[in-house]
Amino acid sequence: MSFVVKGSFGEIEVDCIINGLITPNKMIMFNAMLVDGRKIFVGIAPINKGYQEALEQIQEINKILEGANCKKEKAAPAHKPKYKWGDWKEVYTYFMDPFSRREKLLVYNVRTNGKRVQVEFDGVKAMASCNIEAGDQFDYKFGRELAERRLIAKLIEKRANSYYISKINKTN
C-alpha cells in the first residue's frame, strides 16, 4: 500500500520502504522504492506529510530484522546415508591369462554396500564406486564387472612383478 511523503524535495509516492532508521531527534532516514520503480534515499522530519506511515513501516522492518538477527540453532548438516557392507559372496569369472595364453577360472569374493562394489581374491582387493552425490545411478552388475577387471589387472601385475623379481634374484 503506497503513501505520499512531502518534504523539501517535494512530494513523492512511496510504494515501500526497503530499510531505514530513526535518529535521536526523531528524523527518519530510509531507502524507498517509489511507485514508478525508482529507488531513493529519503530523510524526513516529524512535521512532514507521510511521517507516520514511514515510521510505522520502519518499525515493522526493524522488528523483522531484530528477529532475523537472533541467534539461531545451527542447521543440521545434510544427512548422508550410512552404507553398510553386505556379506561376502563367492562368484566366478573366466579371464585370459597373458602368461599361459589360456582362459583361466577365477573364483573370488564380492560384496556391496549400495554405493560401492568390492571384490577380493587371496588378499588382493579391488573396488568400484558410484558417485551418487553427482547423480550417478548405482548399478551392481556394472560395478561388479568393473571391480572384477581391476582385480584381474592387480593379480596380473602382482604375478608379473613376482615372476621378474624371482628371475632377478636367481641371476644375482
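Helix H2 (140–171) gives the largest share of the lining of the largest pocket, four residues. Helices here are DSSP runs of H or I with at least four residues, strands are runs of E with at least two, and both are numbered from the N terminus. Keep in mind that this is a predicted model, where local features need pLDDT of at least 70, side-chain atom pairs count only at pLDDT 80 or more, and totals for chains, interfaces and linings use all residues. Residues are numbered from 1 along each chain, and side-chain values use heavy atoms, without hydrogens or water.

So what's a pocket? On a 1 Å grid over the protein atoms alone, it's an open set of points where a 1.4 Å probe fits, with protein on both sides within 12 Å along at least five of seven lines; lining residues have an atom within 4 Å of a point. Which residues lie nearest the centre of this one? Phe 95, Phe 121, Leu 155, Ile 156 and Arg 159, out of 14 lining residues. S5 and S6 also supply at least two residues each. The space inside is about 270 Å³, counted as what probe spheres set on the points fill, with points joined across faces, edges and corners.

Now, Val 107 sits in strand S6.
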